[in-house]
Each structure stands twice: as structure tokens, then as C-alpha cells.
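Here is a briefing on one protein model. Keep the sequence and the 3D view open while you read.

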Amino acid sequence: MAQPTPARKPSDWWRSAVIYQVYVRSFADGDGDGTGDLAGVRARLPYLADLGVDALWFTPWYLSPLKDGGYDVADYRSIDPAFGTLAEAEKLIAEARELDIRTIVDIVPNHVSDQHVWFRAARAAGPGSPERDLFHFRPGRGERGEIPPNDWPSQFAGSTEPVWTRLPDGDWYLHLFTPEQPDLNWAHPAVHREHEEVLRFWFERGVAGVRIDSAALLAKDPALPDYVEGRDPSPFVDRDELHDIYRSWRRVADEYDGVFVGEVWLPDTERFARYLRPDELHTAFNFAFLSCPWEPDRLRASIDETLAEHAPVGAPATWVLCNHDVTRTVTRYGRDDTAFAFATKAFDTPTDLTLGTRRARAAALLSLALPGAVYVYQGEELGLPEAEIPRARIEDPMHFRSGGTDPGRDGCRVPLPWQHDTPYAGFGSHQEPWLPQPADWTSYAADVQAADPGSMLRLYREAIRLRPVFGDGPLTWLPAPEGVLHFTRADGAHCLVNLAEAPVDLPDHTGLLLTSGPLDLRGRLPRDTAAWLRV
Ligand code: GLC
């Protein structure tokens, strides 16, 4: 097992951390029932310590009917029995911390499950009741109230389903996602109070940070007007009221030295950066980088824009290549269109996994060399491809709400392969995993990769171990042939990524620290390959 790394300045670990995203349901199955759980994570902590990550972000592990993979929370103060118990979560947080790995939990403030006690009470209490004020209940339009109160588009990409559901008593309620995820009314003080208590509840249990789900959607125009494309402000995206919410959350986090990472999908970089002002969120996911195609000019522009938008607010950038919502990196980079967009996802997209894997390896070295924090989604370090899930086994509501055209997100949520010679690739022992694993899954198993110096796992381990050679300094671009990215970090190492057709000579260097693939016979850096150098 890896030794804990030397103590860092505790208060700013997050500025340059490597944070590993655990999708609990698919990480490791400790009790063998086909669903990943906290026992499985605890058993694999040595693996995560060997990988060298600084923190774990757990997607929601709370009591939930799992209508949206746990993003439909019924009770924030208990762990779903499928995953374990609160006592186990406390042990896990403490055991991880012993290995110098911090824990980040996921809070979903925009909505709760329709099984949450608040919504059950609201449903039972009837129209006009104070219980309904905690949500957005409205009568319908039309003569008999049969038309939804407004025409807002669903936040599930590709969904044509309404964001309102009518109860038998005639009232409609708002849900930007599924009907099982009613939106909370953030104009109500009880909603504020409750969330601040939930934050405290988890900080008291030793978590170091909180990921904020759908962070730009909470506040709604109280008049709930129809949606007009391009109208500013939007009735439900990125409203100014949000900043007061996060300022008050920040005061809570500061009491515990806790940090936030916001899920903020906003095209406007200036608006995005507002969430990162010094008294608001510490960090936010860099979805522009995640969505960027594998093209040198676009990547460089994305990096420059990221750094430029973060600089004025003093927040560190984050670098994200994939997560539980998007097409896995090796698959995306192996397609004609290497950008990520929800709108272009389709079944049966031709994919060259050899090419995609080569690029994903280079992308790993690129992102781990950039200034800021890096997110690694479970299985990314194994180079897992997006799996094709047979239609009959798909569970993701995104698929169903698109009328079956969007393949949904299950393809990146397939239970991990740990061992090549045990049933279900070592994910769990006796029962088939909740999502089927592809036939070749064992070839990606962690045990196979641990023994192979050329594997993705070994590349990630080595890169995370070596990453401090880049230091804390700012990024400087250096002259390079067309199609090649070349930068250094203050007095630190150099990173080169060749996205041009032809191999390129390496600049004069005193040490070749790491490459994402072999150099050619003349010592040149081939296409879609990255190198870390000491110069
Ligand atoms: C976020 C989550 C996603 C979930 C949605 C609704 O985008 O990442 O998985 O479906 O919010 O909570």
C-alpha cells in the first residue's frame, strides 16, 4: 500500500488536487448482490491510495428510490441500504483520511425525490397548503387547467417531456428533470435552512468538500413565465439570486475548512466565473474542456479561456475529461466527432478504440500537467470504453425521456472490472451486476493492468506520482510546430502533446519523465502522443 504523502498545507489542498469520482453503485460490490456499496469502496481504498488520488467525490449515496441514479434524494441524513449505513460512511470517511484521501459528498439542492418527507406531505396536504410552498405547485392553464403552467424545456437533454406533472387534485408541480424529482422552491426560507443543516451534518462527519448538483438551476423567477430563448435573465438558469445562496453556504463551509465544487454548465465564461468569486464556490467543473474536440487549436483556446476566466477571481481551474453523465473519453476520442455534446449522442456511432485510447492517454498527461485540480472518473484510469447497453437493460431516465433516441448514460456507468479470472470481472461475487458488463470487460481488469507497465492504469499511477514536477507555477506556452502543444510551468517540467499528422522532434531536454506512448525509432514524438520532459 502507498504511504501517505507528506502533509500539505491543509487549507489549500483542493487547488491542485487529483479528485477521483466514485459512482458507488458501480465501483465495487462488497456484499455480492450486484450493486456497488460502501463495503466495496472500503475494501478498495488501498487501490485508490496506490493510484495516488487526493480526494474521492461520491455521487449521491443517500436514501433514494434510484429513479435517477441517486440524484433523487429521499433523505440526506441516511445512506441508501443498498449501499450501506451511516456508520459505514463515517468509517469510510475516516479510513480514507488515514490514507490522506479526503471525501467530497454530492448535494442536490435543486430537487428532492418525490419520496422525500416534504414532498409526501405536500402531496397529501392539497392545493394552497403551506406544505406545497416548499415546491413549485401551480394550477394549470386552459379552461379545465389541463395545460401545464408554463412551457419550460426539460433539463434532460433530448427530452420532449413536459417539466410539469399534474396530481389528481388538479395542481401541477415543476420538475426540471424527472417527475420523481420535484424542484424545491428556493424563495422559501425553510429550504435554505434545511440545506445549511445538511451541509453541517456532513461537515461534522469529516467530509472535506461538497459537490453541488445542477448548481445554476436552483433559483426560479417567481412568476414562472414562459421560456423565451435568449431572454436575459432566464427564468430558471443562472439567476442572480443564486449568489446570495452560495455566499451563505460559503460561510458554513468556512467554519469547517470545507470546499465546494459546483456543477455549473454555462457557456458564458464571465457569468461562470461569478460563481467562483472569493466568497462563493471554491471551484467548478470545467465542462468547456470536457466538451472540447481533440484538436490542437481548440484545446489551446479552451485552456487559455479557462485560465483567463479564473484569474480575475483567483480560483483554480479544474480539468475534467469525463464523468457519470457523458460518453467515456476513449470512445469519444475514437469517433469522427471528438467533441462532447448531449445533443449528438446516438446509438451505433462508429468508434476506433485504438485511436481513442491513444488520444485519451495523451489527454491524461495533458490535463495532469495543467495548473489546477484534475477530476478522474472511475474507470477512466482503466481506459474503459463507453459500453453499449442492450436496450432492454437500459435504466437511465435520460434514455426514456428522449423517446428512446438518446442511448442515455448507462454506458459510462457499467460496474468496474477488477479481476480477470473471477465472475463478473471481480465486481461482486454471486449476483449479476445491475448493468451488464461487456464480454471483453475482463481484458480491462485492474489486476491485468496493474501487471502491465504499458497499461492505462500504470500510466495514471505514474503521472499522478510525477505530477508535482510541474510545481505550482503558471502556464507558459512555448513555440512549437503546427499542431503541437508545448508548455511549461514556471521552473517546472515541460509538457508536449503532438496532435499533428507527423512525428515531431523533442526539444533538447535533460530527462524524459513520461510519455503516453512509445517514441518512434528516431526518438520523435508520434501523433496523438504526449511527453513530460525536464529541460
Ligand atoms: C446532474 C447530475 C446528473 C443528474 C442531474 C439531475 O446533472 O450530474 O446525473 O441526472 O443533475 O440531478
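Strand β2 (residues 55-58) runs parallel to β5, and three bridges join the two. Strands here are DSSP runs (E, at least two residues), helices are runs of H or I with at least four residues, and both are numbered from the N terminus. Two strands count as paired if DSSP finds at least two bridges between them. The model is predicted, so local features need pLDDT of at least 70 and side-chain atom pairs count only at pLDDT 80 or more, while totals for chains, interfaces and linings use all residues. Residues are numbered from 1 along each chain as its sequence is written, and side-chain values use heavy atoms, with hydrogens and water left out.

**The sheet**
- Eight strands make an open sheet with parallel pairing, in the order β11-β10-β9-β5-β2-β1-β13-β12.
- Its edge strands are β11 (283-284) and β12 (318-320), and each pairs on one side only.
- Opposite Thr103 of β5 stands Leu56.
- Strand β9 (residues 209-212) also pairs with β5, in the parallel sense, over four bridges.
- Asp106 has Arg211 as its bridge partner in β9.
- Four bridges link strand β1 (residues 18-22) to β2, again in the parallel sense.
- Ile19 has Ala55 of β2 as its bridge partner.

**Burial of β5**
- Strand β5 (residues 102-107) is mostly covered, with six of its six residues buried.
- Buried means under 20% relative accessible area, exposed means over 50%, and partly exposed lies in between (1.4 Å probe, protein chains only).
- Arg102, Ile104 and Asp106 point one way, Thr103, Val105 and Ile107 point the other way, and all are buried.

**Helix α6**
- Helix α6 (residues 241-256) lies across β5, β9 and β10 (259-262), at about 145° to β10.
- Axes are lines fitted to C-alpha atoms, for helices over the stretch in contact, and angles run from 0 to 180 degrees between N-to-C directions.
- Its buried residues are Leu242, His243, Ile245, Tyr246, Ser248, Trp249, Arg250, Val252 and Ala253.
- Elements covering the buried residues of α6 include β5, α5 (189-204), β9, β10 and α7 (269-274).
- Leaving aside neighbours within four places in sequence, Tyr246 is in contact (heavy atoms within 4.5 Å) with Ile212, Ala215, Leu218, Tyr275, Asp279, Glu280 and Leu281.
- Asp257 follows α6 and has a positive phi, near 65°.

**Nonpolar cores**
- A nonpolar core is a set of buried Ala, Val, Leu, Ile, Met, Phe, Trp, Tyr and Cys residues joined through side-chain atoms within 4.5 Å.
- The largest core has 151 residues, of which Tyr20, Trp61, Trp202, Tyr246 and Trp532 touch the most other members.
- Helix α11 (residues 353-369) gives this core its largest share, eight residues.
- Domain 1 (117-174) and domain 2 (471-534) each supply at least three residues to this core.
- Another core, of 12 residues, lies apart from it and includes Trp172, Leu176, Phe177 and Phe236.

**Helices α11 and α14**
- The axes of α11 and helix α14 (residues 456-466) come within 10 Å and cross at roughly 10°.
- The two helices are therefore roughly parallel; angles under 35 degrees count as roughly parallel, over 145 as roughly antiparallel, 65 to 115 as roughly perpendicular and the rest as oblique.
- Thr357, Ala360, Arg361, Ala364, Leu365 and Leu368 of α11 meet Met456, Leu459, Tyr460, Ala463 and Ile464 of α14.

**Domains**
- Domain bounds come from an automatic or database domain assignment.
- The C-alpha centres of domain 1 and domain 2 lie 55 Å apart.
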